[in-house]
Structure formats: structure tokens, C-alpha cells
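Please find below a colleague's note on the model under review. It is set out as numbered points.

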Amino acid sequence: MTLEAYSTFPSILVDRPAPGVLRLTLNQPETLNALGADAHRELVDIWRVVDRDRDTLAVLLCANGRSFSAGGSFEMVDAMTRSFEERANMWREARDLVYNIINCSKPIVSAVQGAAVGAGLAAALICDIPIVTKTAKLVDGHVRLGVAAGDHAAIIWPLLCGMAKAKYHLLLNEPVTGEMAERMGLVALAVEESELQEKALGIAIRLAEGAPAAIQWTKYSLNNWLRMMGPTFDASLALEMLGFSGPDPQEGLASFREKRPPNFPRKAPF
């Protein structure tokens, strides 16, 4: 498959740095690779094309600039607080982002530097071999915004780092450095920033040089652990979208824009 097949994803740079390796690069460094509506949709849909690309044997997902991804843009979050249609569409897209990566037959390596938040963090951690810099900052971010941690956390954090650590970091919105993430089992490797791209590409090349069917079928089999957690993930994502219909995300978004702590109600909703 030629690279022309990827021309409908303009926010993502696509190239082949080595035989059999497809590199996808998030390329909006001026916004810390925050995902607006179009960029989010592209990151969701591109995996279906990758899955059908028989010239691709391994994928490297990375990002230009000092951060991997700042997550969903303020404009996209604001639209979700105001529109049922936007929430319904995001429920579908956020679901498909996770399942499309899980079900993509090709092994995927992610290379993460700087901040990885929200949907960007979801894409990075759902990849088969996440590699981060030691100083990377991983933050789920959902409860800080005022909604349930629905993007990916319930499907994979307890499996990777255990329920106690998952609850600590997700309920408190506690950041995880790359070095901590490796110790916790949240990522495969943490390396120096100067080594990130070379190390990640080297692993993608090793995958591309391996037995394709054996690697793809091993990925498929292992990802049944994640498929079993599908109902839990679906519930978390539905509750996240329900939360966007309430007042908390409006206060959470305002606090981000005004660079201050949020002032959420001190009374439980139920």
C-alpha cells in the first residue's frame, strides 16, 4: 500500500523509516499536539487503514515537539459540555480509538516524550509496546476536568499496574513520570530523551523483521485480556459522557483556562 492511502489524515505525518515499518507522527507541536475534532477523528480512523496495509509489518506512533499530546482541545471539550450530539459522537470516537488499536493486526510501538494526557495518553498506553522518556509526564486528567476516567483507564491500568495504583493515580489525578511508569509496569521501557526515537524505531524494526503471522497472532491472543474488559471500559466511557452533561466539566474547563484550581461543589450529586 502506498503512502497516498494515508492522505486523508493530514494532521498525522506518515512515512516509512525502515522496510516494513510505518511511522505515524502527531504533528501539531505549536499546541503540544492537543487533539481538535479533526485530529481526534484522524487518530481514531487511521488504524483501520493500517490494519489493511500489507506492506506494514510494524508501526511506530510518535509526536513532534516537546510533548506527545496535551489531550483533547479546550474547544472540543467545551462543545461536549453544550451538545448531546457532540457527546454522542465523542462516545463513538473514544470507543473506536481504543478498540481500533486493540484490533489492529500490526504490532504498534509508541514513543512518548513530555506530557501525555487524555486521548493522547490513551493511544500511547493501548499500543503494544509503550516507550517513554524518563522525564515524561503521564496524566489521565479526567477527574481534574470533572468527568469519569473513561478514555482507556478502566480497560488497562488495573491490568498493568494493579488496582491500588490505578485508583491512586486515577482518583487523585496524580501524575506519573516515565521512570515511575516503568517501575509500575505501566509502560515497557523508560529511556533517556536522547535515546527515545532510536530505541523505539529499533524495536519497531525488530518486530518488522520477525515472523509476521506469529507476531500478529500473539498480539491478537494477548489482547483478549483487554477484550474481556470491554464491558468495564464501555461503562466507564458512558459515565464519562454522562458527566459532560453536568456542571462539573464546565468548572473544570474554566479552571484550566484561568490556570487556577477547580472549585467543584462540596456536595455529592447522589
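This is a predicted model: local features need pLDDT of at least 70, side-chain atom pairs count only at pLDDT 80 or more; totals for chains, interfaces and linings use all residues.

1. Residues are numbered from 1 along each chain as its sequence is written, and side-chain values use heavy atoms, with hydrogens and water left out.

2. Strand E2 spans residues 21-26; helices (H or I, at least four residues) and strands (E, at least two) are DSSP runs, numbered from the N terminus. Five of the six residues of E2 are buried, that is, under 20% relative accessible area with a 1.4 Å probe and protein chains only.

3. E2 pairs with strand E1 (residues 12-18) in the antiparallel sense over five bridges; pairing requires at least two DSSP bridges between two strands. Thr25 in E2 is the bridge partner of Leu13. Two residues separate the strands in this hairpin, where Gly20 has a positive phi near 85°.

4. With strand E3 (residues 58-63), E2 pairs in the parallel sense over six bridges. Leu61 in E3 stands opposite Leu24.

5. Asn173 belongs to the loop between helix H7 (163-171) and strand E8 (176-177). Its relative accessible area is 18%, so Asn173 counts as buried. The side chain of Asn173 reaches the backbone nitrogen of Gly141 at 3.1 Å. Beyond its neighbours within four places in sequence, Asn173 is in contact (heavy atoms within 4.5 Å) with residues including Val139, His142 and Arg144.

Methods. Buried means under 20% relative accessible area, exposed over 50%, partly exposed in between (1.4 Å probe, protein chains only). A polar contact is a pair of N or O atoms within 3.5 Å; within protein, one must be able to donate a hydrogen and the other to accept it, and residues adjacent in sequence count only if both atoms are side-chain atoms.
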